[in-house]
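Trainee: I want to check the terms before I use them. Can we go through the strands and then the pocket?
Mentor: Go ahead.
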Amino acid sequence: MAESTTGPAGSGSARLEAIWLKSARKGPMEPVPEATLVAGKGLEGNVDRGGYRQVTILDADAWEAATREVGVDLAPDARRANLLVRGVDFSETADRVLRIAGCRIRIRGETLPCERMEEAAPGLKAALAPDWRGGAYGMVLEGGPLALGDAVAWES
């Protein structure tokens, strides 16, 4: 399948920068250097699996813009997403397919910012609201191994 890495889809050098697993609901986000995506389930070892929200993804540039707007230096794991990518614009991407390494994820919707973001920093919930800055969630179509530095691109 052809891949698009230009325009609103990404810059051509989009990469996976972080992977976090959560072993318990509301538990801490555990950084890992590699993980396995399981088709129809999500990240192996993550407590939230199945349904439409099998994996959550955040773009580092969007996170940095939002935290800069509210004047805080807050690590992106505070967003509680599973994957941190850089160079991917998630705005209005529902039903598009994102490829990370050999894995394919159908984006199902926007991860709306919640009150936890306001607790992390006043004003952060509002700063994450426009243009899907809070990230996206999706369903794993094709699973496989993921590792930091893997290429990320939209399928055309």
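Mentor: Two strands pair if DSSP finds at least two bridges between them. Keep in mind that this model is predicted.

Trainee: How do you know that β2 and β3 pair?
Mentor: Four bridges join β2 (residues 15-22) to β3 (residues 29-32). The cut-off is at least two bridges, so they pair. The two strands run antiparallel. Within this pairing, W20 has P31 in β3 as its bridge partner.

Trainee: What lies between β2 and β3 in the hairpin?
Mentor: Six residues. K26 is in the turn, with a positive phi of about 65°.

Trainee: What makes β4 and β11 partners?
Mentor: Four bridges again, with β4 covering residues 34-38. The definition asks for at least two, so the pair qualifies. The strands run antiparallel. A35 stands opposite L146 in β11.

Trainee: Which order do the strands of the open sheet take?
Mentor: The order is β5-β4-β11, three strands with antiparallel pairing.

Trainee: Why do β5 and β11 count as edges?
Mentor: β5 (42-43) and β11 (144-147) each have a single partner strand, so one side of each is left without a neighbour in the sheet.

Trainee: What lines the largest pocket?
Mentor: The space is about 350 Å³. The lining has 19 residues, and K22, D48, R53, T56 and R80 are the closest to the centre. β6 (55-59) and α2 (115-120) each give two or more residues to the lining.

Trainee: How many lining residues fall in each class?
Mentor: Eight are charged, six polar and five nonpolar.

Notes:
Residues numbered from 1 in each chain as written. Predicted model: local features only at pLDDT ≥ 70, side-chain atom pairs only at ≥ 80, totals over all residues. Heavy atoms only, no water. 1 Å grid on protein atoms, 1.4 Å probe; cavity = no way out; pocket = protein on both sides within 12 Å on 5 of 7 lines; lining within 4 Å. Points joined across faces, edges and corners; volume = space filled by probe spheres on them. Nonpolar A, V, L, I, M, F, W, Y, C, P; charged D, E, K, R; others polar.
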